[in-house]
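The sequence and the structure are shown first.

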Amino acid sequence: MHIPDAFMPIWQGAIYWIIALVFIILALRWAKYKMTEEKIPVVAVLAAAVFALMSFNLPVSMGTSGHLVGGALVAIVLGSPFAAVFILTLVLIVQGVLFGDGGITTMGANIINMGVIGGFVGFYSFHGLMRVTKNIPLSAGPAAWLACFIPAEVCAVEMFLAGTFPLREGLIAMGLYHTLIGIIEAVITVLVICLILKVRPDLIDEKVRQLQAKGMNG
C-alpha cells in the first residue's frame with residue numbers, strides 16, 4: 001500500500017500532499033492539546049507497533065504490496081482519528097526517508113490512505129458499531145477490517161487516476177488481498193485492545209472504558 005514515487009505523476013502527488021498537510025496540521029494540534037505526559041509512552045509504543053506491522057509487506061500484483069495498517073487500533077486506543085494521522089505520519093516519514101518504503105512525492109497520498117482514511121474509518125466505525133453491539137470486540141474487529149480494506153481500495157483508485165494500472169484489476173487485486181489481511185488486522189486489534197483493558201485500562205481512551213462499562217451493565 002506504500003505508493004512509490006514512480007507510480008504517480010508529481011503534480012498528482014502534490015495535490016495529495018496539500019490535502020495531507022491540512023490533516024497533519026490538525027494532528028499536530030491534537031498532539032499539542034491532547035498528548036499528555038501519561039499518553040507519551042502509549043504513543044511511542046503504538047508507533048513502534050505500527051512500524052512493525054507495516055514492515056511485513058506481502059506482494060499483491062502489478063508492483064504493489066499489502067500489509068497491516070494499525071490506524072483503527074491507534075484511533076480507538078487514543079480516542080481520536082487525529083492520533084492515527086499523527087502516528088501514521090511519523091511512521092511513514094521514517095519508512096520513506098530512511099528505508100525507502102514508499103515515495104517522498106507520493107507520501108501525501110500514503111498519509112491520506114493509511115493515516116487519514118484508516119484513522120477516521122476505524123474510529124467512527126468502532127463508535128458507530130458500539131451503539132449497536134454494545135460489545136468492544138464485535139465493534140473493534142469490523143472497524144479494524146474496514147480501516148484496512150477501504151484505504152487499499154482507495155489506493156487502487158489513485159493508481160488508476162495516475163495511469164499506473166487498470167481500475168478493475170487494481171480493485172480486485174488490492175481488495176482480495178486486503179480482505180484477508182484485514183482479518184488479521186481485526187484479530188490483532190481486538191486482542192491488543194482487550195489486553196490493554198485487562199492489564200492497564202488507564203492507558204486507553206476514557207470513552208472506550210465507559211463504553212465497556214455500559215456494555216457490561218447493559
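## Burial and glutamine 95

A residue counts as buried when its relative accessible area is under 20%, as exposed when that area is over 50%, and as partly exposed in between. The model discussed here is predicted. Glutamine 95 has a relative accessible area of 2% and is therefore buried.

Glutamine 95 belongs to helix H4, which covers residues 81–98. Its side chain is joined to that of histidine 2 by a polar contact of 2.7 Å. When neighbours within four places in sequence are left aside, the contacts of glutamine 95 are His2, Phe51, Met54, Ser55, Gly100 and Asp101.

## Valine 91 in helix H4

Valine 91 is also located in helix H4. Its relative accessibility is 4%, so valine 91 counts as buried. Apart from neighbours within four places in sequence, valine 91 is in contact with Ala47, Val50, Phe51 and Met54.

The C-alpha atom of valine 91 lies 17 Å from that of phenylalanine 120, a residue 29 places away along the chain.

## Helix H3 against helix H2

Helix H2 comprises residues 40–55, and its axis comes within 10 Å of the axis of H3, with a crossing at roughly 170 degrees. Angles over 145 degrees count as roughly antiparallel, and H2 and H3 are therefore roughly antiparallel to each other. On the H2 side the contact is made by Val42, Val43, Leu46 and Val50, and on the H3 side by Leu73, Val74, Val77 and Leu78. The residues of this contact divide into 8 nonpolar, no polar and no charged.

## Helix H3 against helix H7

Helix H3 (residues 71–78) packs with helix H7 (residues 167–199) at an angle of about 20 degrees, the two axes being 9 Å apart. H3 and H7 are therefore roughly parallel to each other, and their crossing is right-handed. H3 contributes Gly71, Leu73, Ile76 and Val77 to the contact, while H7 contributes Glu185, Thr189, Val192, Ile193 and Ile196. By class, the residues of this contact are 6 nonpolar, 2 polar and 1 charged. Leu73 and Val77 of H3 take part in the contact with H7 as well as in the contact with H2.

Cysteine 194 is placed in helix H7. At 31% relative accessibility, cysteine 194 counts as partly exposed.

## Helix H3 against helix H5

The axes of H3 and H5 come within 7 Å and cross at roughly 55 degrees. That angle makes H3 oblique to H5, and the crossing is right-handed. Gly71, Ala72, Ala75 and Ile76 of H3 make the contact with Gly118, Gly119, Gly122, Phe123 and Phe126 of H5. These residues divide into 5 nonpolar, 4 polar and no charged, where Gly is counted among the polar residues.

Glycine 122 is placed in helix H5, which spans residues 107–133. With 0% relative accessibility, glycine 122 counts as buried. Beyond its neighbours within four places in sequence, glycine 122 is in contact with Ala72, Ile76, Ile117, Ala143 and Ala147. The C-alpha atoms of glycine 122 and glycine 141 are 9.5 Å apart, and the two residues are separated by 19 residues along the chain.

## From helix H5 to helix H6

Lysine 134 sits in the loop between H5 and H6. Its phi is near 60 degrees, a positive value in a residue other than glycine.

Which backbone oxygen does the side chain of serine 139 reach? The side chain reaches the backbone oxygen of asparagine 135, at 2.8 Å. Serine 139 lies in helix H6, residues 136–161. Its relative accessibility is 0%, so serine 139 counts as buried. Not counting residues up to four places away in sequence, serine 139 touches Phe126, Leu129, Met130 and Thr133. One of these, Phe126, also takes part in the contact of H5 with H3.

Conventions:
Residues numbered from 1 in each chain as written. Predicted model: local features only at pLDDT ≥ 70, side-chain atom pairs only at ≥ 80, totals over all residues. Heavy atoms only, no water. Helix = DSSP H or I, 4+ residues; strand = E, 2+ residues; numbered from the N terminus. Buried < 20%, exposed > 50% of the residue type's maximum accessible area, 1.4 Å probe, protein only. Polar contact = N/O pair within 3.5 Å; in protein donor to acceptor, adjacent residues only side chain to side chain. Contact = heavy atoms within 4.5 Å. Axes fitted to C-alpha atoms, helices over the stretch in contact; angles between N-to-C directions. Parallel < 35°, antiparallel > 145°, perpendicular 65-115°, else oblique. Left-handed = near helix turned anticlockwise from the far one by under 90°.
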